[in-house]
Amino acid sequence: MNFESVIIGLASLVIIGLFHPIVIKAEYYFSARIWWVFALAGLGLIFAALFTQGILSYILALLGTTCLWCIVELFHQKKRVEKGWFPKNPKREEKKK
């Protein structure tokens, strides 16, 4: 029996489930300006996946692509906060354009 696909499926469920609140908290505390942290983490994890083998490689690539997707979600979360769907951090001052 091959359990790798089931493990990867469960890992993707857990990773996506964990990153959803991470994006919300990151936008709340740091705003969408923290996107570069997710970009560096994503690219680093994908790069690391190139030099590993087996299921670890798949999970690192999954983590990396999830970090890159978090960049998009950060900006969507910013819009949701502006619409009032999520609370805005009252202690954080936004820069005016």
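Ser 31 is located in the loop that connects α1 (4-30) to α2, where helices (H or I, at least four residues) are DSSP runs numbered from the N terminus. The structure is a predicted model, in which local features require pLDDT of at least 70 and side-chain atom pairs count only at pLDDT 80 or more, whereas totals for chains, interfaces and linings use all residues. Residues are numbered from 1 along each chain as its sequence is written, and side-chain values use heavy atoms, with hydrogens and water left out. Although Ser 31 is not a glycine, its phi is positive, at about 70°. Most residues other than glycine have a negative phi. Ser 31 is also buried, with a relative accessible area of 3%; buried denotes under 20% relative accessible area, exposed over 50%, and partly exposed the range in between (1.4 Å probe, protein chains only).

Helix α2 (residues 35-50) packs against helix α3 (residues 55-82), their axes coming within 7 Å and crossing at roughly 160°. This angle makes α2 roughly antiparallel to α3. Axes are lines fitted to C-alpha atoms, for helices over the stretch in contact, and angles run from 0 to 180 degrees between N-to-C directions. Angles under 35 degrees count as roughly parallel, over 145 as roughly antiparallel, 65 to 115 as roughly perpendicular and the rest as oblique. The crossing of α2 and α3 is left-handed; this term applies if the near helix is turned anticlockwise from the far one by less than a right angle, and right-handed applies if clockwise.

On the α2 side, the residues meeting α3 include Trp 35, Phe 38, Leu 43 and Ile 46, a contact being defined by heavy atoms within 4.5 Å. Their counterparts in α3 include Leu 60, Leu 63, Cys 67, Leu 68, Cys 70 and Phe 75. The residues of the α2 contact with α3 comprise 18 nonpolar, four polar and no charged. In this classification Ala, Val, Leu, Ile, Met, Phe, Trp, Tyr, Cys and Pro are nonpolar, Asp, Glu, Lys and Arg are charged, and the others, Gly among them, are polar. Trp 36, in helix α2, is partly exposed, with a relative accessible area of 47%. The C-alpha atoms of Trp 36 and Leu 68 are separated by 9.5 Å, the two residues lying 32 apart along the chain.

The packing of α1 with α3 occurs at an angle of about 30°, with the axes 9 Å apart. These two helices, α1 and α3, are therefore roughly parallel to each other. The crossing of α1 and α3 is right-handed, and the residues of their contact divide into 17 nonpolar, three polar and four charged. Val 23 is placed in helix α1 and counts as buried at 4% relative accessibility. Residues up to four places away in sequence not being counted, Val 23 touches Cys 70, Glu 73, Leu 74 and Gln 77. Between the C-alpha atoms of Val 23 and Leu 63, 40 residues apart along the chain, the separation is 14 Å.

The structure holds zero disulfides, a disulfide being a pair of cysteine sulfur atoms within 2.5 Å. Cys 67 is in no disulfide, and the nearest cysteine sulfur is that of Cys 70, 5.8 Å away. For Cys 70, the closest cysteine sulfur, in Cys 67, is too far for a bond. Cys 67 is buried, with a relative accessible area of 5%, and Cys 70 is buried at 3%.
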